[in-house]
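Biologist: I am new to this structure. Please show me how to read it, feature by feature.

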Amino acid sequence: MLPVPDGLDGMRVDAGLAKLLGLSRTVVAELAAAGEVLLDGRPAGKSDRLAAGGLLEVTLPEPANPVEVVAEAVEGMRILHDDDDIVVISKPVGVAVHPSPGWTGPTVVGGLAAAGLRIATSGAAERQGVVHRLDAGTTGVMVVAKSEHAYTVLKRAFKERTVDKGYHAVVQGHPDPTRGTIDAPIDRHPRHDYKFAVVAGGRPSVTHYEVVEAFRAASLAHVKLETGRTHQIRVHFSALRHPCVGDLTYGADPVLARKLGLTRQWLHARTLGFAHPADGRWVEFEAEYPDDLAHALQLLRDEN
(Lines give C-alpha, C1' and ligand atoms only; values in the text may rest on other atoms or scores of the structure.)
Protein backbone atom coordinates (compact mmCIF):
# COMPACT_ATOMS: atom_id res chain seq x y z
CA MET A 1 0.00 0.00 0.00
CA LEU A 2 1.39 3.43 -0.91
CA PRO A 3 0.12 7.03 -0.88
CA VAL A 4 -0.60 8.87 -4.15
CA PRO A 5 2.28 11.37 -4.69
CA ASP A 6 1.37 15.04 -5.14
CA GLY A 7 2.71 14.94 -8.69
CA LEU A 8 0.04 12.44 -9.76
CA ASP A 9 -2.89 14.42 -8.32
CA GLY A 10 -5.75 14.57 -10.84
CA MET A 11 -4.22 12.08 -13.27
CA ARG A 12 -6.12 9.07 -14.62
CA VAL A 13 -5.39 5.80 -12.84
CA ASP A 14 -3.87 4.20 -15.96
CA ALA A 15 -1.59 7.16 -16.77
CA GLY A 16 -0.61 7.82 -13.16
CA LEU A 17 0.19 4.24 -12.24
CA ALA A 18 2.06 3.71 -15.51
CA LYS A 19 4.31 6.62 -14.56
CA LEU A 20 4.61 5.57 -10.92
CA LEU A 21 5.30 1.88 -11.48
CA GLY A 22 7.01 1.93 -14.89
CA LEU A 23 4.31 -0.24 -16.46
CA SER A 24 2.48 0.34 -19.74
CA ARG A 25 -0.98 1.88 -19.59
CA THR A 26 -2.33 -1.30 -21.16
CA VAL A 27 -1.02 -3.42 -18.27
CA VAL A 28 -2.43 -0.98 -15.69
CA ALA A 29 -5.81 -0.96 -17.46
CA GLU A 30 -5.86 -4.78 -17.39
CA LEU A 31 -5.00 -4.79 -13.67
CA ALA A 32 -7.78 -2.27 -12.97
CA ALA A 33 -10.29 -4.30 -15.01
CA ALA A 34 -9.36 -7.38 -12.96
CA GLY A 35 -9.98 -5.50 -9.70
CA GLU A 36 -6.29 -5.50 -8.78
CA VAL A 37 -6.09 -1.71 -8.28
CA LEU A 38 -7.63 -0.38 -5.07
CA LEU A 39 -7.93 3.32 -4.26
CA ASP A 40 -8.75 3.99 -0.61
CA GLY A 41 -9.82 0.36 -0.34
CA ARG A 42 -12.23 0.42 -3.29
CA PRO A 43 -11.63 -1.00 -6.80
CA ALA A 44 -10.54 1.77 -9.20
CA GLY A 45 -11.31 1.92 -12.91
CA LYS A 46 -8.60 2.91 -15.39
CA SER A 47 -10.21 6.31 -16.06
CA ASP A 48 -10.81 7.19 -12.40
CA ARG A 49 -8.81 10.15 -11.11
CA LEU A 50 -6.05 9.93 -8.52
CA ALA A 51 -6.10 12.26 -5.51
CA ALA A 52 -2.90 13.23 -3.71
CA GLY A 53 -2.61 11.40 -0.38
CA GLY A 54 -5.08 8.68 -1.37
CA LEU A 55 -4.00 5.13 -0.55
CA LEU A 56 -3.17 2.87 -3.46
CA GLU A 57 -3.01 -0.90 -3.31
CA VAL A 58 -1.89 -2.69 -6.47
CA THR A 59 -1.52 -6.44 -6.88
CA LEU A 60 1.14 -6.91 -9.54
CA PRO A 61 1.21 -9.96 -11.82
CA GLU A 62 3.94 -12.55 -11.49
CA PRO A 63 6.97 -11.52 -13.57
CA ALA A 64 6.88 -13.05 -17.01
CA ASN A 65 9.52 -15.54 -18.01
CA PRO A 66 12.25 -13.82 -20.05
CA VAL A 67 11.77 -14.13 -23.79
CA GLU A 68 14.37 -16.43 -25.27
CA VAL A 69 16.84 -15.06 -27.80
CA VAL A 70 16.86 -17.32 -30.85
CA ALA A 71 20.01 -17.21 -32.99
CA GLU A 72 18.60 -16.67 -36.46
CA ALA A 73 20.26 -15.15 -39.51
CA VAL A 74 18.60 -11.89 -40.54
CA GLU A 75 18.34 -11.31 -44.27
CA GLY A 76 19.49 -7.85 -45.30
CA MET A 77 21.13 -6.93 -41.99
CA ARG A 78 24.57 -5.52 -42.72
CA ILE A 79 27.44 -5.01 -40.31
CA LEU A 80 28.94 -1.55 -40.89
CA HIS A 81 31.59 -1.71 -38.17
CA ASP A 82 32.80 -4.28 -35.65
CA ASP A 83 35.45 -3.99 -32.93
CA ASP A 84 36.00 -5.24 -29.38
CA ASP A 85 33.51 -2.78 -27.87
CA ILE A 86 30.74 -2.14 -30.39
CA VAL A 87 29.05 -3.49 -33.47
CA VAL A 88 27.25 -1.05 -35.79
CA ILE A 89 24.62 -2.43 -38.14
CA SER A 90 22.20 -1.33 -40.82
CA LYS A 91 18.84 -2.73 -39.72
CA PRO A 92 16.41 -3.88 -42.42
CA VAL A 93 12.65 -3.40 -42.30
CA GLY A 94 10.53 -5.94 -40.43
CA VAL A 95 13.17 -6.69 -37.84
CA ALA A 96 12.71 -5.93 -34.13
CA VAL A 97 15.75 -4.98 -32.08
CA HIS A 98 15.16 -7.66 -29.43
CA PRO A 99 12.58 -10.37 -28.64
CA SER A 100 9.37 -9.37 -26.87
CA PRO A 101 6.09 -11.11 -26.01
CA GLY A 102 4.00 -11.55 -29.14
CA TRP A 103 6.84 -10.85 -31.60
CA THR A 104 7.60 -13.88 -33.77
CA GLY A 105 9.77 -12.23 -36.43
CA PRO A 106 13.54 -11.82 -36.70
CA THR A 107 15.53 -9.68 -34.26
CA VAL A 108 18.81 -7.80 -34.31
CA VAL A 109 20.19 -9.62 -31.25
CA GLY A 110 19.20 -12.96 -32.78
CA GLY A 111 20.91 -12.02 -36.02
CA LEU A 112 24.10 -11.01 -34.20
CA ALA A 113 24.05 -14.29 -32.27
CA ALA A 114 23.69 -16.21 -35.52
CA ALA A 115 26.67 -14.31 -36.90
CA GLY A 116 28.71 -15.51 -33.93
CA LEU A 117 29.10 -12.08 -32.36
CA ARG A 118 29.35 -11.87 -28.58
CA ILE A 119 27.54 -8.87 -27.11
CA ALA A 120 27.43 -7.35 -23.63
CA THR A 121 25.54 -9.26 -20.96
CA SER A 122 24.24 -6.07 -19.29
CA GLY A 123 20.52 -5.44 -19.56
CA ALA A 124 17.53 -7.77 -19.45
CA ALA A 125 18.25 -11.24 -20.80
CA GLU A 126 16.41 -10.72 -24.09
CA ARG A 127 17.96 -7.33 -24.83
CA GLN A 128 21.51 -7.61 -23.57
CA GLY A 129 23.82 -5.09 -25.18
CA VAL A 130 20.95 -2.97 -26.53
CA VAL A 131 21.50 0.72 -25.79
CA HIS A 132 18.86 2.19 -28.15
CA ARG A 133 16.13 0.96 -30.46
CA LEU A 134 14.52 1.45 -33.86
CA ASP A 135 10.91 0.46 -34.61
CA ALA A 136 10.53 -2.81 -36.52
CA GLY A 137 9.21 -0.77 -39.46
CA THR A 138 12.10 1.72 -39.43
CA THR A 139 15.39 0.95 -41.15
CA GLY A 140 18.86 2.31 -40.61
CA VAL A 141 21.98 2.55 -38.51
CA MET A 142 22.18 1.45 -34.89
CA VAL A 143 24.89 0.44 -32.43
CA VAL A 144 24.97 -2.53 -30.04
CA ALA A 145 27.43 -2.80 -27.14
CA LYS A 146 29.78 -5.78 -27.12
CA SER A 147 31.67 -5.02 -23.91
CA GLU A 148 30.24 -4.20 -20.49
CA HIS A 149 32.22 -0.93 -20.49
CA ALA A 150 30.72 0.06 -23.83
CA TYR A 151 27.22 -0.72 -22.56
CA THR A 152 27.65 1.58 -19.56
CA VAL A 153 29.22 4.42 -21.58
CA LEU A 154 26.72 4.29 -24.44
CA LYS A 155 23.69 3.98 -22.14
CA ARG A 156 24.85 7.16 -20.41
CA ALA A 157 25.50 8.91 -23.74
CA PHE A 158 21.98 8.21 -25.00
CA LYS A 159 20.49 9.29 -21.68
CA GLU A 160 22.51 12.50 -21.62
CA ARG A 161 21.75 13.16 -25.32
CA THR A 162 25.36 13.41 -26.43
CA VAL A 163 24.68 11.06 -29.34
CA ASP A 164 24.08 12.62 -32.79
CA LYS A 165 21.08 10.83 -34.36
CA GLY A 166 20.34 11.86 -37.95
CA TYR A 167 17.25 10.61 -39.80
CA HIS A 168 15.89 11.15 -43.29
CA ALA A 169 12.12 11.33 -43.68
CA VAL A 170 9.94 11.92 -46.71
CA VAL A 171 6.88 13.78 -45.45
CA GLN A 172 3.69 14.74 -47.23
CA GLY A 173 3.37 18.29 -48.49
CA HIS A 174 5.79 21.12 -47.79
CA PRO A 175 6.51 22.03 -44.15
CA ASP A 176 6.52 25.76 -43.48
CA PRO A 177 8.99 26.93 -42.32
CA THR A 178 11.36 24.66 -44.22
CA ARG A 179 13.67 24.60 -41.22
CA GLY A 180 12.43 24.44 -37.66
CA THR A 181 12.04 22.72 -34.32
CA ILE A 182 9.03 20.76 -33.12
CA ASP A 183 8.80 20.95 -29.33
CA ALA A 184 5.68 19.05 -28.28
CA PRO A 185 5.18 16.47 -25.48
CA ILE A 186 4.40 12.88 -26.46
CA ASP A 187 2.53 10.15 -24.62
CA ARG A 188 0.28 7.20 -25.38
CA HIS A 189 -2.67 8.11 -27.59
CA PRO A 190 -5.67 8.73 -25.30
CA ARG A 191 -7.91 6.38 -27.32
CA HIS A 192 -5.60 4.04 -29.24
CA ASP A 193 -3.00 2.39 -27.01
CA TYR A 194 -1.01 1.02 -29.96
CA LYS A 195 0.11 4.49 -31.04
CA PHE A 196 1.33 7.76 -29.60
CA ALA A 197 0.24 11.39 -29.82
CA VAL A 198 1.11 14.93 -28.81
CA VAL A 199 -0.53 15.09 -25.38
CA ALA A 200 -0.52 17.86 -22.77
CA GLY A 201 1.49 16.60 -19.83
CA GLY A 202 3.32 14.01 -21.96
CA ARG A 203 7.07 13.44 -21.98
CA PRO A 204 9.13 16.37 -23.34
CA SER A 205 10.01 15.68 -27.00
CA VAL A 206 12.11 17.83 -29.33
CA THR A 207 12.68 17.27 -33.06
CA HIS A 208 14.79 19.51 -35.34
CA TYR A 209 14.25 19.33 -39.09
CA GLU A 210 15.37 20.89 -42.36
CA VAL A 211 13.81 20.28 -45.78
CA VAL A 212 16.64 19.35 -48.14
CA GLU A 213 14.60 18.51 -51.27
CA ALA A 214 11.05 19.38 -52.31
CA PHE A 215 8.81 17.42 -54.70
CA ARG A 216 5.29 18.03 -55.98
CA ALA A 217 3.49 16.20 -53.20
CA ALA A 218 6.20 15.67 -50.60
CA SER A 219 9.48 16.82 -49.09
CA LEU A 220 12.69 15.07 -48.05
CA ALA A 221 13.70 16.29 -44.60
CA HIS A 222 16.88 15.84 -42.62
CA VAL A 223 15.85 15.28 -39.01
CA LYS A 224 17.85 15.47 -35.79
CA LEU A 225 16.42 14.08 -32.57
CA GLU A 226 17.13 15.83 -29.30
CA THR A 227 15.00 13.30 -27.40
CA GLY A 228 14.20 9.71 -28.35
CA ARG A 229 10.55 8.97 -27.69
CA THR A 230 8.78 6.02 -29.30
CA HIS A 231 7.48 7.03 -32.77
CA GLN A 232 8.72 10.60 -32.12
CA ILE A 233 9.39 11.67 -35.72
CA ARG A 234 6.19 10.04 -36.96
CA VAL A 235 4.07 11.66 -34.24
CA HIS A 236 5.61 15.12 -34.58
CA PHE A 237 5.23 15.34 -38.35
CA SER A 238 1.71 13.96 -38.14
CA ALA A 239 0.90 16.72 -35.63
CA LEU A 240 2.17 19.25 -38.19
CA ARG A 241 -0.22 17.71 -40.74
CA HIS A 242 2.80 16.47 -42.72
CA PRO A 243 2.91 12.74 -41.86
CA CYS A 244 5.70 10.53 -43.16
CA VAL A 245 4.71 9.26 -46.60
CA GLY A 246 3.34 5.72 -46.28
CA ASP A 247 2.65 6.04 -42.56
CA LEU A 248 -1.03 5.07 -42.57
CA THR A 249 -1.06 4.69 -38.77
CA TYR A 250 -0.42 8.40 -38.44
CA GLY A 251 -2.65 9.76 -41.18
CA ALA A 252 -0.67 9.38 -44.41
CA ASP A 253 -2.48 9.28 -47.76
CA PRO A 254 -2.95 5.61 -48.79
CA VAL A 255 -3.23 6.59 -52.47
CA LEU A 256 0.22 8.21 -52.47
CA ALA A 257 1.64 5.24 -50.56
CA ARG A 258 0.32 2.81 -53.20
CA LYS A 259 1.60 5.02 -56.01
CA LEU A 260 5.11 4.92 -54.53
CA GLY A 261 4.94 1.20 -53.68
CA LEU A 262 5.33 1.82 -49.95
CA THR A 263 3.97 -0.54 -47.31
CA ARG A 264 5.51 1.38 -44.37
CA GLN A 265 6.60 4.87 -43.40
CA TRP A 266 9.38 6.57 -45.37
CA LEU A 267 11.73 6.99 -42.44
CA HIS A 268 15.38 5.96 -42.22
CA ALA A 269 18.02 6.29 -39.52
CA ARG A 270 20.68 7.72 -41.83
CA THR A 271 23.59 8.63 -39.55
CA LEU A 272 24.76 7.93 -36.01
CA GLY A 273 27.63 9.70 -34.29
CA PHE A 274 29.00 9.26 -30.78
CA ALA A 275 32.17 9.23 -28.69
CA HIS A 276 33.68 5.76 -29.01
CA PRO A 277 33.51 4.07 -25.60
CA ALA A 278 37.08 2.76 -25.89
CA ASP A 279 38.94 6.07 -26.20
CA GLY A 280 36.39 8.90 -26.55
CA ARG A 281 37.18 9.70 -30.19
CA TRP A 282 34.17 10.85 -32.23
CA VAL A 283 32.95 8.27 -34.73
CA GLU A 284 30.15 8.52 -37.29
CA PHE A 285 28.39 5.84 -39.33
CA GLU A 286 25.95 6.04 -42.23
CA ALA A 287 23.41 3.56 -43.61
CA GLU A 288 22.34 3.65 -47.26
CA TYR A 289 18.64 3.77 -48.14
CA PRO A 290 17.04 0.32 -48.52
CA ASP A 291 15.54 -0.56 -51.89
CA ASP A 292 11.90 0.30 -51.11
CA LEU A 293 12.72 3.80 -49.86
CA ALA A 294 15.23 4.47 -52.64
CA HIS A 295 12.64 3.42 -55.25
CA ALA A 296 9.92 5.66 -53.78
CA LEU A 297 12.33 8.61 -53.63
CA GLN A 298 13.32 8.12 -57.27
CA LEU A 299 9.65 8.09 -58.33
CA LEU A 300 9.13 11.42 -56.53
CA ARG A 301 12.22 12.89 -58.23
CA ASP A 302 11.09 11.67 -61.64
CA GLU A 303 7.78 13.55 -61.20
CA ASN A 304 9.50 16.91 -60.64
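This is a predicted model: local features need pLDDT of at least 70, side-chain atom pairs count only at pLDDT 80 or more; totals for chains, interfaces and linings use all residues.

Biologist: How many helices and strands does the protein chain have?

Modeller: Helices (H or I, at least four residues) and strands (E, at least two) are DSSP runs, numbered from the N terminus. The protein chain has seven helices and 15 strands.

Biologist: What is the radius of gyration of the protein chain?

Modeller: The radius is taken over C-alpha atoms, and the globule rule is 2.2 Å times the number of residues to the power 0.38. For 304 residues, a compact globule would have a value near 19 Å; the protein chain has 21 Å, which agrees. The C-alpha trace spans about 65 × 45 × 35 Å along its principal axes.

Biologist: What share of the residues is buried?

Modeller: Buried means under 20% relative accessible area, exposed over 50%, partly exposed in between (1.4 Å probe, protein chains only). Buried residues make up 46% of the 304 in the protein chain.

Biologist: How far does helix α4 reach?

Modeller: The expected span is 1.5 Å times one less than the number of residues. Helix α4 (residues 148-159) has twelve residues and reaches 17 Å from first C-alpha to last, close to the expected 16 Å.

Biologist: Which residues of α4 are buried?

Modeller: Ala 150, Tyr 151, Leu 154, Ala 157 and Phe 158. They cover an arc of only 135° around the axis, so they sit on the same side of α4. The arc is that of the directions from the helix axis to the C-beta atoms. These buried residues pack against β6 (86-91), β7 (139-145), β8 (164-172) and β14 (267-275). Arg 161 follows α4, with a positive phi near 65°.

Biologist: In what order do the four strands of the open sheet lie?

Modeller: Two strands pair if DSSP finds at least two bridges between them. The order is β1-β4-β2-β3, with antiparallel pairing. β1 (2-3) and β3 (42-43) are the edge strands, each pairing on one side only. In β4, Leu 55 is the bridge partner of Pro 3.

Biologist: Is Leu 17 buried or exposed?

Modeller: Leu 17 counts as buried, because its relative accessibility is 1%. Leu 17 lies in helix α1 (residues 13-21). Contact means heavy atoms within 4.5 Å. Leaving aside neighbours within four places in sequence, Leu 17 is in contact with Gly 22, Val 28, Val 37, Leu 56 and Val 58.

Terms used: Residues are numbered from 1 along each chain as its sequence is written. Side-chain values use heavy atoms; hydrogens and water are left out.
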